[in-house]
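Open your viewer and get ready to click along. We will go from stop to stop, selecting a few residues each time and looking at what surrounds them.

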Amino acid sequence: MRLIVESLVPRLLNPPLTSYFLFGPRGSGKSTFLKSRYPNALWIDLLQPDTFRLIAARPERVRELVRGNPDKKTIVIDEVQKAPEILSVVHSLIEEKSGHQFILTGSSARKLKRKDADLLAGRLLWKTMHPFLFAEIGGSRSLTEVLQLGLLPVVYSSPEPAETLKAYTGLYIREEVQQESLTRNIGNFSRFLEAASFSHAQLLNISNIARECCVERKVVESYITILDDILLAFQIPVFTKRAQRALIAHPKFYFFDAGVFRTLRPAGPLDRPEEIQGAALEGLVAQHLRAWNAYAGDPYQLYFWRTRGGVEVDFVLYGEPGLIAIEVKNTATVRAKDVQGLTAFRSDYPDCKPLLLYRGHEKLRIKEVPCLPIEQFLVDLKEVNGYW
């Protein structure tokens with residue numbers, strides 16, 4: 001039963017009726033979702049060596065396949081970044097207005113950008129698939145387990161999730177970085193990943209990472225770009241709109257899944273478990289907010305807020321629906337000092353809706369700040385206005 005559970009989990013992604021890109025990290029469930037959603041689609045899988053060789057040699061073969069299967073109105077091209085030359089063929093087929101829906105999946109946009117391929121701007125919508133949300137799995141895993149193993153469908157559905165997670169990063173490096181020749185020195189890149197894990201849920205300080213890796217700053221900058229492009233990590237900028245205080249400038253850095261972070265982050269006798277756990281918890285909330293916002297059509301932009309004096313709010317959601325400030329605490333007990341950052345933010349932005357998430361089990365209200373059990377918040381996080 002554990003082996004097929006991924007296909008039974010309903011996803012919150014609501015796909016468009018028109019043609020679209022579907023990007024997401026490896027193992028995030030793109031193929032499973034599409035095969036369930038479009039069981040009769042014409043499927044072109046570029047991960048299959050024979051298919052890749054034929055398509056890469058003759059991109060026009062896509063047109064031949066489409067015309068050879070007139071009953072197939074939905075065409076899925078899996079891992080399109082492996083043969084970006086076919087985008088021009090897809091472009092011409094879309095221009096024919098023959099009623100076909102094209103769905104192009106990928107786990108990296110780097111090769112498409114590097115080859116300056118036709119990204120079909122204005123013709124294909126851009127959708128993203130993320131790891132599972134608590135709302136999707138219905139609380140079938142405990143918060144403690146999720147903080148250790150993450151929510152990647154490929155891990156969640158594995159009979160040996162811990163071993164699968166350990167193998168995941170190596171597979172990712174081998175297939176997304178080494179095979180695509182994104183960097184010449186895999187050893188340096190692997191050391192960089194370990195050093196970068198100390199920046200998870202922290203301000204991104206490229207100079208410090210370069211010092212830890214013993215490589216030049218510009219190399220680390222290129223590695224950070226690789227992580228962004230292959231969807232292994234993301235950054236959140238500081239909220240500066242109508243700022244009334246001096247704010248820091250560096251973005252915050254996160255790996256896309258709490259389990260991937262825990263695998264990359266080394267732990268030893270000098271590492272405090274609560275420090276690692278706190279970073280994992282904040283990252284888990286970050287990945288949920290990011291996915292929830294994407295599935296809702298991106299009504300918000302995601303930020304954080306920190307003054308140069310060190311007063312901070314972990315997440316700020318800003319958009320047409322309003323302004324929301326969220327603080328995450330890895331503690332079972334909330335004290336008045338825990339809401340100081342939210343209180344300071346509210347003094348600058350009185351219209352914001354504050355919220356503190358913590359590891360306890362009771363709903364509280366401290367200094368007019370609602371405090372919610374974090375697990376309850378994540379399970380209930382479904383619709384764009386489902387909570388606020």
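Start by selecting V89, which is buried, with a relative accessible area of 8%. Here buried means under 20% relative accessible area, exposed means over 50%, and partly exposed lies in between, using a 1.4 Å probe and protein chains only. Before going on, note that this is a predicted model, in which local features need pLDDT of at least 70 and side-chain atom pairs count only at pLDDT 80 or more, while totals for chains, interfaces and linings use all residues. Residues are numbered from 1 along each chain as its sequence is written, and side-chain values use heavy atoms, with hydrogens and water left out.

**Around V89**

V89 sits in helix α5, residues 86-95. Helices (H or I, at least four residues) and strands (E, at least two) are DSSP runs, numbered from the N terminus. Which residues does V89 contact, leaving aside its neighbours within four places in sequence? Select P59, E60, V62 and R63 to see them. Contact means heavy atoms within 4.5 Å.

Now show helix α4 (residues 61-68) together with α5: their axes come within 9 Å and cross at roughly 40 degrees. Axes are lines fitted to C-alpha atoms, for helices over the stretch in contact, and angles run from 0 to 180 degrees between N-to-C directions. That angle makes α4 oblique to α5. Angles under 35 degrees count as roughly parallel, over 145 as roughly antiparallel, 65 to 115 as roughly perpendicular and the rest as oblique. To see the contact itself, select V62, R63 and V66 of α4 with I86, V89, S92 and L93 of α5. By class, this contact of α4 with α5 has 5 nonpolar, 1 polar and 1 charged residues. In this scheme Ala, Val, Leu, Ile, Met, Phe, Trp, Tyr, Cys and Pro are nonpolar, Asp, Glu, Lys and Arg are charged, and the others, Gly among them, are polar.

Next, select helix α11 (residues 186-197) and helix α12 (residues 206-213). At what angle do their axes cross? The crossing is at roughly 130 degrees, with the axes coming within 9 Å, so α11 and α12 are oblique to each other. Show R191, F192, A195 and A196 in α11, which meet I209, E212 and C213 in α12. The classes in the contact of α11 with α12 are 5 nonpolar, no polar and 2 charged residues.

**Into the core**

Select F192 again, along with F255, L289, F315 and I326: these have the most contacts inside the largest nonpolar core, which has 73 residues. A nonpolar core is a set of buried Ala, Val, Leu, Ile, Met, Phe, Trp, Tyr and Cys residues joined through side-chain atoms within 4.5 Å. Helix α15 (residues 273-295) gives the most to this core, with 9 residues. Another core lies apart from it, with 23 residues, including I55, V62, I75 and L112.

**Stops in the loops**

Go to S108, in the loop between β4 (101-106) and α6 (110-114). S108 is buried, at 5% relative accessible area. Beyond its neighbours within four places in sequence, S108 contacts F23, Q81, E176, D229 and I230.

Then pick T307, in the loop between β9 (300-306) and β10 (312-319). T307 counts as buried, at 6% relative accessibility.

Finish with two backbone angles. Most residues other than glycine have a negative phi. A201, in the loop between α11 and β6 (202-203), has a positive phi of about 65 degrees. R242, in the loop between β7 (233-236) and β8 (252-255), also has a positive phi, near 50 degrees. Is each one buried or exposed? A201 is buried, at 4% relative accessibility, whereas R242 is exposed, at 77%.
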